[in-house]
Amino acid sequence: MAWSDFDITCMQRALDVAERGRGNVRPNPLVGCVLAKDDEIIAEGWHDHLGGLHAEQMAIHDAEDNGHNTNGSTAYVTLEPCNHYGRTPPCTEALLWAGISEVVIAHKDPNPVVRGNGISELIDAGMKVRCGLLEEKANLQMREFLYWCENRRPWVTVKIATDKNGSVDDLSKNAARFTSHECLTKVHELRKDSDAILVGANTIVRDNPSLTVRLVETDNQPLRVIIDPNKKIEDDATVLTDGYATKHLTTEFRGLESMLDMLGDLQIQRLLVEGGPITINHFLENNLVNEFILVRSDIEHNDPVIAKFNLESFTKIKETNWGNECVTLHQC
Ligand code: AOF
Ligand code: ZN
């Protein structure tokens, strides 16, 4: 398929505006839409929050609000338009009513209720449809949604912070916070983009963390998941008393795989595993980690606890900085 520079510009814009829904649309994917006419972008829309308009419908409203006639325009959508009545009416109908003459799609929708039906409905109605523009970028943007549609389990991201030498804790306890404020903000962004955050009981006993999103704005807090088969955590632990949702897995815990199936059934698409090292290594030993984020500070612990993580089956795909910390991203 030959794409013009203008086609690419429009789809890139659709991908960019889709980002505005990040953290607020799960279990739906991020979706963006741009309407263009006579080589000019006339409107844009995105799926902003769960229950809100779908991207196509927001773009059509945007055109109307700005006095543009959508008749004969081209819609660039990052996901195949839906043709089902869900939380909103079908986008295929909205596009037809708006008199759109061509739809360009980045990625097909694997949702069993859509899966090609949106495209065939548009074609049957006489619309010109082209697929696959910037498909890889759309795939990356919707990664956890696509993974969950295929596997009915969450995409598992591990995040671990260490000192300069790979120590995960300072037993002397008089060490200053070993992550910078900018780094903590990044961690909260990562939490915001996760549907659930998991730690082992030892982390709760030792740190009594709240595991909430606080440094960035959010509409909803991720579910906290605590693995505690030996019932080690106290009844007054923050995660059990602060009013936000927690799954405290005690005697019902039957292993990581069935837990991931259970979380998948709860529509958890991205699970962030935040520690500690024993829990993380259980995930690694069972090949259940999709992505590993290593945050390395340049300070040194006084009384270090060195932890080893076997990342042999992972490839380092990115190196960056979060504030003072050096961050490497490894994928399976
Ligand atoms: C689109 N445009 O912007 C989005 C789509 O129950 P609903 O109404 O929230 O529909 C959710 C499903 O619709 C979701 O799982 C995915 O298949 C599709 N999402 N489709 O045409 C959009 N967000
Ligand atoms: Zn839709």
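## Ligand shell

The shell around ligand 1 is made up of 8 nonpolar, 6 polar and 3 charged residues. Here Ala, Val, Leu, Ile, Met, Phe, Trp, Tyr, Cys and Pro count as nonpolar, Asp, Glu, Lys and Arg as charged, and the others, Gly among them, as polar. In total 17 residues surround ligand 1, and the closest are Val31, His54, Gly86, Arg87 and Asn111; a residue is near a molecule if its C-beta atom, placed from the backbone, lies within 6 Å of it.

## Model and numbering

The model is predicted: local features need pLDDT of at least 70, side-chain atom pairs count only at pLDDT 80 or more, and totals for chains, interfaces and linings use all residues. Residues are numbered from 1 along each chain as its sequence is written, while chains are lettered from A and ligands numbered from 1 in the order in which they are written.

## Overall fold

The protein chain holds 11 helices and 15 strands, taken as DSSP runs (helices H or I, at least four residues; strands E, at least two). Its C-alpha trace spans about 70 × 40 × 35 Å along the principal axes.

Of its 332 residues, 40% count as buried, that is, with 20 or more other C-beta atoms within 10 Å of their own, C-beta atoms being placed from the backbone.

## Domains

An automatic or database assignment divides the protein chain into domain 1 (5-148) and domain 2 (152-331). Their centres, taken over C-alpha atoms, are 34 Å apart. To the contact between them, domain 1 gives 11 residues and domain 2 gives 13 (contact: C-beta atoms, placed from the backbone, within 7 Å). On the domain 1 side, the touching residues are 4 nonpolar, 3 polar and 4 charged.

Note on methods
A residue is buried if 20 or more other C-beta atoms lie within 10 Å of its own, exposed if 12 or fewer, and partly exposed in between; C-beta atoms are placed from the backbone. Two residues are in contact if their C-beta atoms, placed from the backbone, lie within 7 Å.
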